[in-house]
Amino acid sequence: CSSDLGEGEDPMKSSTYDVAIIGAGIVGLATALKLVQNYRLSLIILEAENQVAAHQTGHNSGVIHSGLYYKPGSLKALNCVAGREAMYRFCEENGIAHERCGKVVVATNPLEIPALNMLEERGIANGLDGIRRLTPEEIREIEPHVNGIDGLWVPQTGIVDYKDVSKTYAHLIEEAGGEIKTNSRVIGFSKDHNIIKLQTTSGEIEAKNLINCAGLRSDQIARLCGVEPGLQIIPFRGEYYEVIPEKEHLVKNLIYPVPDVRFPFLGVHFTRMVHGGVEAGPNAVLALKREGYKKSDISIPDMAFYGTYIGFWRMALKYWKMSISETYRSFNKRAFVRALQRLIPELQMQDVHPAGSGVRAQALSANGKLLDDFSIVEKPNQVHVLNAPSPAATASLSIGETIATMAEHNFQLVKIDE
């Protein structure tokens, strides 16, 4: 069982791995890294695509999140705060380009003040030292072109390219003896005398234990493995515009609106990217395919899969107004720019052009609720990461450690120093 990324098969390795991880996104990679660094085991990562970080991770906007938005005590808050600092240290130690640049969150009308107050309270509760309220004049000292009546300065926020982070994770995993097998989509599952057999598009893999980090397909993998996830993954496409070089001066760092607390999305915002350029967006529209990065991407099986889910229709009935608004903005550049102009009034239609898009794996419960926190289900010899939304990239090292600790007890792993 050799790695597609390695130099060939090690004849000393068993044909049955101690742990198989499905999915080489940033959470799967971080989990594998923690396992190979801390436990005596053989490990393989199975990735459906021809490279690591091909989906959510590779289409990430590159923000190192502070932990401002998340309910104190939630898995999101705990993992983000710990993972943020771990990410900064990791980037520093491995020479990965990054910057702790800070961001402003801006209220543009009085109705947003209560939500801004709540964000400030959450930020303080989550230990964000240096967070402070901004007057309109102070907002313009930081972001001279921003329109706002009140704001928050959040110094912990930063920028990085998570593809660079993921490639470094992958290199360290292989250096420690782990394997990464690409072009290996899992299509079958069976067990024989407590040995898990995974049928993939590149052959069969045997393992004693399994970790599902399949992101957009995590619920499908869980069901394939005989585990009822209790939720459905619904893909939401986030579409971005890019600010033309002549207008990049309008954005110094990161500029965010006050989010609508009813939804796990942050609203269209401006992000300076670590390798240059400024992105504006995203919106949030239902994708018609799990990996539906373009409007023309359609999968009848995917649509049928979530279209027959009662939770989908309950969500649709509850949030149909927002859905219409987001879809309209998806097809109407003028409407998208109007949303951006709430933050930077002088931005014009010609100042932005369409850029890339990403697809968020949003977990949805049967009652139509959009799950906002991480969801991890354990079964004997299996761990299924079913919902790992933003800030999963920021918190990946912390989440990986959490999953590795679960695996230690569930899989009866032995630490290297024991």
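So, which strand pairs with S16 in the antiparallel sense over two bridges? That would be strand S13, residues 232-243. By pairing I mean that DSSP finds at least two bridges between the strands. And the elements are DSSP runs numbered from the N terminus: helices are H or I with at least four residues, strands are E with at least two.

Before I go on, a word about what we're looking at. This is a predicted model, so to speak about local features we need pLDDT of at least 70, side-chain atom pairs count only at pLDDT 80 or more, and totals for chains, interfaces and linings use all residues. Residues are numbered from 1 along each chain as its sequence is written, and side-chain values use heavy atoms, with hydrogens and water left out.

Okay, back to S16. S15 and S16 make a hairpin with five residues between them, and Gly276 in the turn has a positive phi of about 105 degrees.

Now for the faces. In a regular strand the side chains alternate between the two faces of the sheet. In S16 both faces are covered: Val278 and Ala280 on one side, Glu279 and Gly281 on the other, all buried. Buried here is under 20% relative accessible area, exposed is over 50%, and partly exposed is in between, with a 1.4 Å probe and protein chains only.

The peptide bond from Gly281 to Pro282 is cis, with omega near -5 degrees. Pro282 sits in the loop between S16 (278-281) and strand S17 (285-286).

Ala53 has a phi of about 55 degrees, and you'll find Ala53 in the loop between strand S2 (43-46) and strand S3 (63-64). Asn194 has a phi near 65 degrees and belongs to the loop between strand S10 (186-192) and strand S11 (195-200). Buried or exposed? Ala53 counts as buried, at 7% relative accessibility, whereas Asn194 is exposed, with a relative accessible area of 58%.

Next, strand S1, residues 16-22. Seven of its seven residues are buried. S1 runs parallel to strand S12 (residues 203-212), joined by six bridges, and Ile21 has Ile211 in S12 as its bridge partner. S1 also pairs with S2 in the parallel sense, over four bridges, with Val19 opposite Leu43 in S2.

There's also an open sheet of three strands in the order S3-S8-S4, with antiparallel pairing. S3 and strand S4 (98-99) are at the edges with a single partner strand each, so one side of each is left without a neighbour in the sheet. Two bridges join S3 to strand S8, residues 158-160, and one of the pairs is Ile64 with Gly158 in S8.

On to the helices. Two packed helices are described by the angle between their axes and the distance between the axes. Helix H2 (residues 75-93) packs against helix H11 (residues 396-411) at an angle of about 115 degrees, with axes 6 Å apart. The axes are lines fitted to C-alpha atoms over the stretch in contact, and angles run from 0 to 180 degrees between N-to-C directions. H2 and H11 are therefore roughly perpendicular; that label covers 65 to 115 degrees, with under 35 roughly parallel, over 145 roughly antiparallel and the rest oblique.

Who touches whom? Contact is heavy atoms within 4.5 Å. On the H2 side, the residues include Ala82, Met87 and Phe90, and on the H11 side, Leu397, Ile399 and Thr402 are among them.

Last topic, cysteines. The structure has zero disulfides, a disulfide being a pair of cysteine sulfur atoms within 2.5 Å. Cys91 is in no disulfide either, and its nearest cysteine sulfur, that of Cys101, is 13 Å away. Cys80 is buried at 0% relative accessibility, and Cys91 is buried too, at 1%.
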